[in-house]
Structure formats: structure tokens, C-alpha cells
Amino acid sequence: MLARLPIFCRRAGAAAALRRRATSAAQQKASVRAELAELRAQAEVGGGEKRIAAQHAKGKLTARERIAVLLDEGSFVELDPFVTHVCQDFGMEQDRPPGDGVVTGHGTVHGRPVCVFAQDFTVFGGSLSSAHASKIVKVMERALRTRCPVVGLSDSGGARIQEGVDSLGGYADVFQANVDASGVVPQLSLIMGPCAGGAVYSPVMTDFLYMVRRSSYMFVTGPDVVKSVTNEEVTQEELGGADVHTRVSGVAHDAFDDDVAALRGARKLLTYLPLAYDEEPPRVEAYDSADRADEALRLVVPDDPNEAYDMRNVVKRVVDGHSLLEISPDYARNVVTAFARLNGRVVGVVANDPATLAGCLDIDASVKAAKFVRFCDAFGVPLLTFVDVPGFLPGVRQEHGGIIRHGAKLLFAYAEASVPKLTVITRKAYGGAYDVMASKHLRGDANYAWPSAEVAVMGAKGAVEILYRGKSADEQAEKADEYARRFANPMVAAGRGFIDDVIDPAETRKRLCADLEILHRKDLPNRPRKHTCIPL
């Protein structure tokens, strides 16, 4: 009996040791769970309740509140909530909030997947560190791998100066990610606070950029630098506010009165965009008859060729009801760019607007339309073009500003586009602008004209002044009438096959819907090459 006692003691000791280890492991797990809960709680409040209150006092939502408005309820899955910065200087090692000033993850918008990042101004003013940048790059890489759009919500004071060149490197990493994603998945940027210096280049390289009035601004150099260099005094809003960039510079595509309106605008825009370049744009069940005729279209073009009308009204009558979503509505209004639907299918609309500059193409309109055409072509969105263009805008300022180069961008974009291209000439199609606006010569698929169309080198008056220089005013007037009878109509172009048919305006929708139904199967690959050299 006594001989067995040491064995018993050893077994009892081992059991006690096991219990101690089990207790220690359980305590350790409980400690980890408590630490995780604490870190998650810290991440949820960002910079703390006081800074959240300051954000709300400015009329701004927090990063997490913005994500909640953007995404479908309950769909957000966060990534990297525990990432912290690695800076050891200027006392930063004592302050390492989880998340490091940016919330990243994925969710859904109207049931379709989206990746998202939102900078948190309550944490270090949303400034970008190397860790902050790595989180953004990581979620953008996920968007590429999973083939879904990425939405960035910017609200940042700029580079985190405590990190020096590491912060600059972080910006470059984000820029590279933007370029890698370009043309692969749609990229949307919402500027919801400050965005200055090098930080501006990431959002401007994305496909669509929205701003919030009175709370967001973008500029490379701020008012203080401008004053010190040029002695000009200007406010942040005057230098780079939402109205400046949607009306003057064209940097932003639209502006909204508050965060919620901007986020809802982004949700609406996403309903028109494919998930990726190799996915079809989202089609909805047709709710507007493809055979719907609209007799009002027979009367919309004035008899006087110099009288203006609003092309937007024409477009709205042709596309599916209430489907028009205009892009850059306040910039270069002489050309309309918009998404719409035809029989439930998404199309990209480009249209000259005679109500502004008589519909002439100028520098701003050419660049605006060219960028939109290239986006549509990159993501498989058919192009629907309405033409009423008397030519390129003349003038010294336009010529010196490079209208030749900028106009060539639109020509190049249309010529390169391999998506279905449908064109309707409603009135004037003069000179080189006729060629540029998705003409048959640029591989147009369906090119129509209304009876009111005028396809010619120039208007009758200008042509006669050249052809009959030196003749009396009465003789020139007579010749102008003769020129108009012969050329101010679509019949010559129709006779050459440059337009496919002269159609009844009331039947425009029916013809376009029928064409789109067959053309969505179009396969026209471009010639193999590394890339084209558009005249930038």
C-alpha cells in the first residue's frame, strides 16, 4: 500500500497541474475576449464622444454612420478593426487607437456587393498614415479579387506629418491601387470633409466624384499658400468648394446639401453600374413599353434653325420614364451626359444641348463627354447619342486653350468605343462636329436622323458667304435658300448610307429599343496593342 503512494501522489500532482493550466488557459481566453471587447468598443467610438459631438455640430456624420446610410441595413462586414499605426515619434507611441482613423469593409447596396472605406475625422483628423493607407489598399484589392465596386468616403486633414515619408509612401500606394482598379471595377469617391494636397489625386482618379456643399473642399494648395505666393485672398469654399468643382473646374460630378443626400446619390448611381468590366450593367424589369410612341417629339424641334430648345426634354421622352440620371449636370451644360434605361437596359446618353452655347462643342464639353464615353466603353454600357451641333465653338480663347487637342479626345473616345453605339440627329450636324458625335464613320451601329436634320459642312449662310463671296446681299440670300433646300436636310447623307434611316420622331424609342435588343450581343474587339495613345 505504501509502495503505491508515490505513484498516487504523482498522479494527483499531474492532475492538479492540468487543472491549473486549464484554469490559466480559460483565464487567458477570457482576458483576450475582454481585450477584444474593449478594443471593439474603442473602435466604435473612434476619437471619442466629444469629437463625435463636434462632428455632428458641423452637420457631418461619422465614418460609421456614413457607412450605415450607404449600405443595406445589417450588411456591413468590417475588416482590420484592430490595426494601429507604428509611429514611435512625437509621443505617438502613447496613442494608438484601433482602426487608425479609417473604417474598411464590405457590404451590399440594393443587394449587390460593394467594398467601402470611410476616413474617420474624429481620429487624428482622418490623417493618412502608412497603416491607414494599407487598410485602404487592402480593401481595394479585395474589390478587385471579388469583382465589385469600391466606394471611398473621404474626410481627412491630409498626410500624418508625424510619419513623414511613410505617409507619403502610403498615398502613393493608394494611387497605385486606384490605377490598378481603373477599368476593372467602378470606383466612386465622396468628399465629405477636407481633402487637400496630395490627397486630392486619389479621388480625382476614380470614375465618379461627389461632394457635400459647405462642408467639403478640395485643393492642392490652400488659401494661406495662395495668399503667400500670389497675394490673392480667397476662402476655402471659394477656392475648392463643391460649387466650384461642379460648375467651374469640372473635378466633381455633383454636389449635395448634406451627407445623407450624397450617400443616397451614390446608392442611386450604383444601380446603373456593373459590378465589374466583365459583368453586364444591371437590367431591371421593363416597366415602360418599348413600342411607346410620343407624338410631341414631332413638334419639339423649332422651325427656326437658330431657336434653342432643351435637349434634356427630348431625351426624357425617349428613354424609360424617370430613368435619367445626369452626370455633371452643372458643368459644361452645352453637352448632356447621363445614365438612363431603354426597355430596362442601362445606356449612357451623350447629347448636345442647343439651349447652351447653341449646342457647340467647346473644350469643357469635349473633355466632359470624352471621359463619360470612355467609362461607358470600359464597362460595357451602350452609348446613345443625340446630335444637334453647329460645330466647335470659335474664338481665340478656345484656340489658345487647345480646342484642337481637347476636341480630339472626344473623337478618339467615340472611335475607340466598341460598345453598341446608337445615334439620332435631331437638327444640326455640321462640319467636323458631325464626324465626332458618334457618326457612322466612327463605327456607329445605328445612325438615324429626324426629318428636321441638317447634315452639312456648315450652315447655309456661312457656306454662301464663302461660295459666293463678292455677290450682292440679295444674290447671297437667294443662293442661301437654294443651298438650304439642297443640303439642309438628311437626304444626301441618307443617300450615301451615312445614316441608316430618316425616322418619324414619334417612333424614335421603338427603333432604339429594337436596335438595342439585338446590339447587346455585339462583339467588336479592338486591335491587339498594349494601349492606345489618346491625345491627353
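**Reading strands, sheets and salt bridges**

Q: In the hairpin of β11 and β12, which residue takes a positive phi?
A: N343 does, with a phi near 55 degrees, and the hairpin has 2 residues between its strands. Helices (H or I, at least four residues) and strands (E, at least two) are DSSP runs, numbered from the N terminus. This is a predicted model in which local features need pLDDT of at least 70 and side-chain atom pairs count only at pLDDT 80 or more, while totals for chains, interfaces and linings use all residues. Residues are numbered from 1 along each chain as its sequence is written, and side-chain values use heavy atoms, leaving out hydrogens and water.

Q: How many bridges pair β11 and β12, and in which sense?
A: Strands of a sheet pair through backbone hydrogen bonds, either parallel or antiparallel. Two strands count as paired if DSSP finds at least two bridges between them. Strand β11 (residues 335-342) pairs with β12 in the antiparallel sense over 8 bridges, and A338 has V349 of β12 as its bridge partner. The pairing of β12 with strand β13 (residues 383-389) is parallel, over 4 bridges; here G348 stands opposite L383 in β13.

Q: Is strand β12 mostly covered or mostly uncovered?
A: The term buried means under 20% relative accessible area, exposed means over 50%, and partly exposed lies in between (1.4 Å probe, protein chains only). In β12 (residues 345-352), 8 of 8 residues are buried, so the strand is mostly covered by this definition. The cover extends to both faces: R345, V347, V349 and A351 are buried on one side, and V346, G348, V350 and N352 on the other. In the protein of 536 residues, 50% are buried.

Q: What is the order of strands in the open sheet of 7 strands?
A: The order is β1-β2-β3-β4-β5-β7-β9, with mixed pairing. The edges are β1 (77-79) and β9 (254-256), each of which pairs on one side only. From one strand to the next, the twist averages 20 degrees; axes are lines fitted to C-alpha atoms, for helices over the stretch in contact, and angles run from 0 to 180 degrees between N-to-C directions. Strand β7 (residues 208-212) runs parallel to β9 and is joined to it by 3 bridges, with V212 opposite F256 in β9.

Q: Which helix packs on the sheet, touching β7 and β9?
A: Contact means heavy atoms within 4.5 Å. Helix α10 (residues 259-270) packs there, touching β7 and β9 as well as β2 (102-109), β3 (112-119), β4 (150-154) and β5 (187-191), and its direction makes about 160 degrees with that of β7.

Q: How many salt bridges does a search of the whole structure find?
A: Side chains of opposite charge can pair when their charged atoms come close. A salt bridge is a side-chain nitrogen of Lys or Arg within 4 Å of a carboxyl oxygen of Asp or Glu. The search finds 27. One of them joins E78 and R64 (3.0 Å, N to O). E78 lies in β1 and R64 in helix α3 (residues 63-70), so the pair ties together parts 14 residues apart in sequence. E78 is partly exposed at 24% relative accessible area, whereas R64 is buried at 19%.

Q: Where do the partners R214 and D257 lie in the chain?
A: R214 is in the loop between β7 and β8 (217-219) and D257 in the loop between β9 and α10, 43 residues apart. Their side chains meet at 3.9 Å, N to O. R214 is exposed at 61% relative accessibility, and D257 is partly exposed at 49%.
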